[in-house]
Amino acid sequence: MIILLAAMLTDNFVLSKFMGICPFLGVSKKLDSATGMGLAVTFVMICATLVTYPIHHGILVPNELEYLDTVVFIMVIALFVQLVETMLKKCIPSLYSSLGVYLPLITTNCAVLGVTVLNIDNGYSFVQSIVNALGGGLGFMLSLVIFSGVRKKMEYADIPETFKGVPATLIAASIVSVSFMGFSGLFN
Amino acid sequence: MADKKMSLGHELTKGIIKENPTLVMLLGMCPTLAVTTQAKNGIGMGLATTFVLLGSNIVTSALRKVIPDKVRIPSFIVIIASFVTLIGFLLEGFVPDLYDSLGIYLTLITVNCIIFGRAEMFASKNGVVASACDAIGMGIGFTLALFLMGSVREIIGAGQWMGMDIPVIHDNPMLLFIMPAGGFFTLGVIIAAVNKLSNKKPPQELGCSGCPHAETCGKAGDCQ
């Protein structure tokens with residue numbers, strides 16, 4: 001439980017670990033696409049953890065191949081994203097039409113690789129890893145949804161010419177990040 | 001011959017200012033924000049990325065006729081991940097301090113969009129020498145941007161620069177600047193300054209042209 005809340009709030013992937021900034025800035029313009037992306041990331045994070053954890057502890061550690069983590073994990077994630085996409089297309093077309101477009105983007109989302117590597121680095125157990133992935137994904141979605149609201153307001157704001165576009169977005173992100181700092185110290 | 005030299009020089013220098021990967025093309029934001037709490041870390045991250053970029057660009061461009069188009073993205077990822085593992089070993093062996101302070105972000109070089117974007121946009125279409133020049137130029141541009149970010153944040157946030165104390169600020173540092181919020185703020189202000197100096201219309205959208213998924217993303221209606 002503590003891991004879940006900590007991953008969601010205090011160690012929020014986007015706002016305090018800076019993972020997945022590209023989708024955070026790119027897909028947070030509209031509320032529904034932010035929710036879709038958030039759901040897709042949460043889903044892939046949990047599935048990737050389910051697959052990479054046994055691989056690390058079952059195959060790589062006994063053979064003393066831990067240094068291959070990066071290569072193996074990224075391959076697993078890439079394969080997995082492809083697999084999920086194909087399966088959704090065949091089995092649940094309605095879900096595919098809402099999430100499908102975000103799936104290919106997730107392969108290069110550092111939050112997904114980040115969460116699998118962090119689970120190993122922190123020495124979490126299997127259940128803890130899954131909870132951490134769930135919290136990370138929900139936290140990602142939370143910050144995307146909050147930020148899409150902020151951006152909607154920003155469209156009507158009168159911003160100086162030089163700051164228009166990306167700089168203003170980044171400064172807004174900074175203010176949202178300050179509000180998340182309020183959660184720090186909630187858990188030890 | 002002179003013509004060819006000129007264009008190689010162009011590949012080398014364009015990454016530093018005109019097409020600076022971080023400040024103009026807005027690629028590779030995650031490491032830019034995460035490791036720049038100190039100028040030293042910024043340089044370390046920049047050099048590590050340059051190394052990976054150089055290696056992956058050379059290999060990708062050498063193999064560009066062998067790799068079938070359909071599996072090019074997984075192939076690029078494997079090439080990049082191999083070089084990341086390599087630099088991880090080198091840093092752990094020779095500069096353990098830096099290895100510790102970069103931590104997980106070293107692994108995350110694998111998914112840095114600069115490297116992926118350059119492999120897709122440049123190395124898969126150009127010769128080995130041109131790709132190597134492109135990689136060095138982009139790497140230097142990235143390192144400079146990270147150094148700049150790191151310096152600003154370290155001076156204001158900790159009152160130090162490269163380990164030296166700076167009078168006055170050192171007594172009352174603004175801690176906020178080395179926290180995540182300060183990272184977003186500093187990058188926003190630096191990009192605004194670059195816009196002002198280069199005196200052109202600011203980019204309204206993120207660097208979608210550099211994104212290997214621009215096509216798919218366009219379908220989501222967020223990226224033009």
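In this predicted model, helix α7 of chain A takes in residues 110–121, which makes 12 residues in total. From its first C-alpha to its last, α7(A) reaches 16 Å, close to the 16 Å expected at 1.5 Å a residue. The helix is mostly covered, with 10 of its 12 residues counted as buried. These buried positions are A:C110, A:A111, A:V112, A:L113, A:G114, A:V115, A:T116, A:V117, A:L118 and A:N119. After α7(A) comes A:G123, a residue with a positive phi, near 65°.

Turning to chain B, there are 10 helices and two strands to keep track of. Chain B has 224 residues, and 49% of them are buried. As for its contacts, if one takes those with a separation of 6 or more, 74% are made by residues 24 or more positions apart.

Two packed helices are described by the angle between their axes and the distance between the axes. Helix α3 of chain B (residues 39–62) packs with helix α4 of chain B (residues 72–94) at an angle of about 140°, and their axes are 9 Å apart. Angles over 145 degrees would count as roughly antiparallel, and α3(B) and α4(B) are therefore oblique to each other. The crossing of this pair, α3(B) with α4(B), is right-handed.

On the α3(B) side, the residues that meet α4(B) are B:A48, B:F51, B:V52, B:G55, B:S56, B:V59 and B:T60. Their counterparts in α4(B) are B:F76, B:I79, B:I80, B:F83, B:V84, B:I87 and B:L91. Sorted by class, the contact of α3(B) with α4(B) comes out at 11 nonpolar and three polar residues, with no charged ones.

Further along chain B sits B:S198, a residue of helix α9, which covers residues 180–198. Is B:S198 buried, exposed or partly exposed? It takes 20 or more C-beta neighbours within 10 Å to be buried and 12 or fewer to be exposed; B:S198 has 14 inside 10 Å, so this serine counts as partly exposed. B:S198 can also be placed relative to B:I17, which lies 181 residues away along the chain. The C-alpha atoms of B:S198 and B:I17 are separated by 9.9 Å.

Technical notes: Residues are numbered from 1 along each chain as its sequence is written. Chains are lettered from A and ligands numbered from 1 in the order in which they are written. This is a predicted model: local features need pLDDT of at least 70, side-chain atom pairs count only at pLDDT 80 or more; totals for chains, interfaces and linings use all residues. Helices (H or I, at least four residues) and strands (E, at least two) are DSSP runs, numbered from the N terminus. Two residues are in contact if their C-beta atoms, placed from the backbone, lie within 7 Å. The expected span of a helix is 1.5 Å times one less than its number of residues. Axes are lines fitted to C-alpha atoms, for helices over the stretch in contact, and angles run from 0 to 180 degrees between N-to-C directions. Angles under 35 degrees count as roughly parallel, over 145 as roughly antiparallel, 65 to 115 as roughly perpendicular and the rest as oblique. A crossing is left-handed if the near helix is turned anticlockwise from the far one by less than a right angle, and right-handed if clockwise. Ala, Val, Leu, Ile, Met, Phe, Trp, Tyr, Cys and Pro count as nonpolar, Asp, Glu, Lys and Arg as charged, and the others, Gly among them, as polar.
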